[in-house]
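Subject: Structure for you to look at

Hello,

Here is the structure I said I would pass on. Please keep it open while you read the notes below.

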Amino acid sequence: MKARAILAVMSALAVGGLVVGATAAVETVPGKDVKCPVSGKPVNPEASVMFEDCKVYFCCNNCPKAFNADTTHAKFGAKAHHQMVQTGQLKQVACPFSGKPCKPETKVTIDGVDVCFCCNNCKGKVEKAAEDARIDLVFKDTSKGFKPAKDIEKEAK
């Protein structure tokens, strides 16, 4: 009887979109506030491409072409990273500028994403930047401050 109940739950989870396995991970479906990195419009969860081992969502099937044409990702990379944090695929692990531990009191919200810094100097750098420059400033290079959520889960085990 227990085996049937477990099988029923696993089947329901699989149908519901969960991946059942050694590392049961839930793929975050983007909400209405998630924007296409190319157009800035709300995303369509059906229009996506893999980028740096994460899904990037777009508003339509034409935007991935423009995204992939930017081979250096200089134009759309920061917005894609911002979206990856917003959808939970990337997690903040340190200050994006210094790589040092973050202090919660230095939190700044950048287009719907909370980011903390190691000190008020780093926080001030973002606060002084124009609103449209903040995403590039913080999310262009995610190597110091962010890690894929699935890597963090693996490290925790």
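To start with, what do the side chains of Lys-35 and Asp-111 meet in? They meet in a salt bridge, at 3.3 Å from N to O. A salt bridge here is a side-chain nitrogen of Lys or Arg within 4 Å of a carboxyl oxygen of Asp or Glu. Lys-35 sits in the loop between helix 1 (2-15) and strand 1, while Asp-111 sits in the loop between strand 4 and strand 5, so that this pair, 76 residues apart, links distant parts of the chain.

Before the rest, a note on what you are looking at. The model is predicted: local features need pLDDT of at least 70 and side-chain atom pairs count only at pLDDT 80 or more, while totals for chains, interfaces and linings use all residues. Residues are numbered from 1 along each chain as its sequence is written, and side-chain values use heavy atoms, with hydrogens and water left out.

Overall layout

The protein chain has six helices and six strands. Helices (H or I, at least four residues) and strands (E, at least two) are DSSP runs, numbered from the N terminus. In that direction the order of elements is α-β-β-α-α-β-β-β-α-α-β-α. The chain has 157 residues, and 35% of them count as buried. Buried means under 20% relative accessible area, exposed means over 50%, and partly exposed lies in between (1.4 Å probe, protein chains only). The accessible surface of the chain is about 9,500 Å², and carbon and sulfur atoms hold 56% of that. These areas come from the Shrake-Rupley method with a 1.4 Å probe, and for residues only the protein chains shown count as cover. Among contacts with a separation of 6 or more, 50% are between residues 24 or more positions apart. A contact means heavy atoms within 4.5 Å.

The salt bridges

The whole structure has six salt bridges. In the one described above, both partners are partly exposed: Lys-35 has a relative accessible area of 38%, and Asp-111 has 34%.

Another joins Asp-53 and Lys-150, whose closest N and O atoms are 2.7 Å apart. This pair also links distant parts of the chain, with Asp-53 in the loop between strand 1 and strand 2 and Lys-150 in helix 6 (residues 149-156), 97 residues apart. Lys-150 is partly exposed, at 35%.

A further one is formed by the side chains of Arg-134 and Glu-131, at 3.5 Å from N to O. Arg-134 counts as buried because its relative accessibility is 12%, whereas Glu-131 is exposed at 53%.

Helix 3

Why is helix 3 described as largely enclosed by the rest of the structure? Nine of its 10 residues are buried, so the rest of the structure largely encloses this helix.

His-81 lies in helix 3, which covers residues 77-86, and counts as buried because its relative accessibility is 4%. Leaving out residues up to four places away in sequence, His-81 touches Phe-51, Glu-52, Leu-90, Phe-139, Lys-140 and Thr-142.

Gln-83, also found in helix 3, is buried at 1% relative accessibility. With the neighbours up to four places away left out, Gln-83 touches several residues, including Lys-35, Cys-36, Val-56 and Tyr-57. Gln-83 and Pro-30 are 53 residues apart in sequence, and their C-alpha atoms are 8.9 Å apart.

Just after helix 3, Gly-88 has a positive phi of about 85 degrees.

The core and helix 4

A nonpolar core is a set of buried Ala, Val, Leu, Ile, Met, Phe, Trp, Tyr and Cys residues joined through side-chain atoms within 4.5 Å. The largest one has 33 residues, of which Phe-58, Ile-110, Val-115, Phe-117, Val-138 and Phe-139 touch the most other members. Elements that give two or more residues to this core include helix 3, strand 4, strand 5, helix 4 and helix 5.

In helix 4 (residues 120-128), the buried residues are Cys-122, Lys-123, Gly-124 and Val-126. Their cover includes strand 4 (103-110), strand 5 (113-117) and helix 5 (134-139).

Regards
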